[in-house]
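Here is a short note for a colleague opening this entry for the first time. Please keep the sequence and the 3D view at hand while going through the points.

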Amino acid sequence: MQKHSDCRLYVGSYTSADKPEGIYLLALDPGCGLCSAVQANAETENPSYLLLDGRRLFAANERSDCACLSAFAVEEDGSVKLAGTYCAEGAGTCQVTLDPTGAFVYGANYESGSIAGCRVLPDGSLGAGISPIAHEGSSADPERQENPHVHMVGFAPESSLLIAVDLGIDELVAYTVEEDGELRENPERVLPVFAGEGPRMVAYHPALPLAALITELGNHVIVYRLGETGLASWEPLAAYPLAASGYAGEALAAHVQFSPDGRYLYASVRGPNEVCVFSVAESGALELRGAFPSGGSWPRHMELSPDGTMLAVANERSDEVVVFGIDRDSGALSSEVARCGVSSPTCVVWQR
């Protein structure tokens, strides 16, 4: 495991008038089983998703009145301080990503079905914005897919294409990033997903040309083999169900991540409140190793520690972050390491 002094986690959450703190710094001592909040930052509203890049922390501020991104400076003691905020046309920013050069940050706007972004200045603040990109269309679910809902934007390994995952129109759409950060769509760079699946997040294998797409409405992990010509050449290999066949309640898949060594894949499912663990073959085939309780209710997001020995889970509705040990021989969640009370946690990231 990591050294005890190195175990820090950042948690993003929903804020309110009674609870303005949105970003928490947690100190974790795995040996003693203790985890506590050592800082609570109240400088921005609804920082529901976080991205850590060295001494910079970026947040997606999930607001209904605009698209909003914020940047924070990470101090030596791990505490964060607001460095800048960027607001643009759109609404419901739920995820952020940096371009490979670190010069631009982009946000996925769920509510407006669009993409916003801006320049990251040398001092860590946020500069001029790009022209917003709005998707069009709908899909099979009349309640959840009546409009576009961009849930994720990100770059595939060794790629300069920005890929947007749109839950509302059942598509992945790739954009070319110009030198000034502007996005240009190529109509050939669109990957359709089965109607009604509701693609939410994608993860990339650390060594093999594989991608795992989690679908919120269909509750599947779909594995693709990455082609050499971008998104249009992704080859679907298989789709694996997440919710147990005997489960009759609401089930919404949330997050997906490969282990650092690529041997396992983890997927969280809200409703059953489980983390599904799969082994990963070189062919891309998955084998379910088990579904483990998330330690609370509504596991919205999770992240493995950099060495792969622990998994932190943000249980949104039970107001707790729970850290589990990982059995390296099987990939299974083993004993509970620690838990910490945090109001409405939606994202958790390890400090590296």
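1. **Burial.** Of the 352 residues in the protein, 57% are buried. Buried here means under 20% relative accessible area, exposed means over 50%, and partly exposed lies in between, with a 1.4 Å probe and protein chains only.

2. **Basis of the note.** This is a predicted model, in which local features need pLDDT of at least 70, side-chain atom pairs count only at pLDDT 80 or more, and totals for chains, interfaces and linings use all residues. Residues are numbered from 1 along each chain as its sequence is written, and side-chain values use heavy atoms, with hydrogens and water left out.

3. **Overall make-up.** The protein has 29 strands and 0 helices. Both are DSSP runs numbered from the N terminus: helices are H or I with at least four residues, strands are E with at least two. The radius of gyration is 19 Å, close to the 20 Å that the globule rule gives for 352 residues, so the protein is as compact as a globular protein of that length. That radius is taken over C-alpha atoms, and the rule is 2.2 Å times the number of residues to the power 0.38. Along the principal axes, the C-alpha atoms fill a box of roughly 55 × 45 × 35 Å.

4. **Contacts and surface.** Take the contacts in the protein with a separation of 6 or more: 48% of them join residues 24 or more positions apart. Contact means heavy atoms within 4.5 Å. The protein exposes about 13,900 Å², and carbon and sulfur atoms supply 48% of that area. Areas come from the Shrake-Rupley method with a 1.4 Å probe; for residues, only the protein chains shown count as cover.

5. **A four-stranded sheet.** What is the strand order in the open sheet of 4 strands? The order is β25-β26-β27-β28, with antiparallel pairing. Two strands pair if DSSP finds at least two bridges between them. β25 (299-304) and β28 (333-341) are the edge strands; each has a single partner strand, so one side of each is left without a neighbour in the sheet. On average, neighbouring strands of this sheet are turned by 20° against each other, direction ignored. Axes for such angles are lines fitted to C-alpha atoms, for helices over the stretch in contact; angles run from 0 to 180 degrees between N-to-C directions. β25 pairs with β26 (residues 310-315) in the antiparallel sense over 5 bridges.

6. **Leu311.** This residue sits in strand β26. Is Leu311 buried or exposed? Leu311 counts as buried, at 0% relative accessibility. Beyond its neighbours within four places in sequence, Leu311 is in contact with residues including Val275, Met302, Leu304, Phe324 and Leu333.

7. **β23 and its partners.** In strand β23 (residues 274-280), 6 of the 7 residues are buried, so the strand is largely enclosed by the rest of the structure. β23 pairs with β22 (residues 264-270) in the antiparallel sense over 6 bridges. Tyr266 stands opposite Val277 in β23. The hairpin of β22 and β23 has 3 residues between the strands, and Gly271 there takes a positive phi near 105°. β23 also pairs with β24 (residues 286-293), again antiparallel, over 7 bridges. Here Ser279 has Glu287 of β24 as its bridge partner. The hairpin of β23 and β24 has 5 residues between the strands, with Gly284 at a positive phi near 100°.

8. **Salt bridges.** The count comes to 15 salt bridges. The rule asks for a side-chain nitrogen of Lys or Arg within 4 Å of a carboxyl oxygen of Asp or Glu. Arg200 forms one with Glu216, with the closest N and O atoms 2.7 Å apart. This pair links distant parts of the chain: Arg200 is in strand β17 (residues 199-204), and Glu216, 16 residues apart, is in the loop between β18 (210-215) and β19 (220-225). Both Arg200 and Glu216 are buried.

9. **A further pair and a network.** Arg339 forms a salt bridge with Glu336, at 2.9 Å between the closest N and O atoms. Salt bridges that share partners join Arg144, Arg200, Glu216 and Arg270 into one network.
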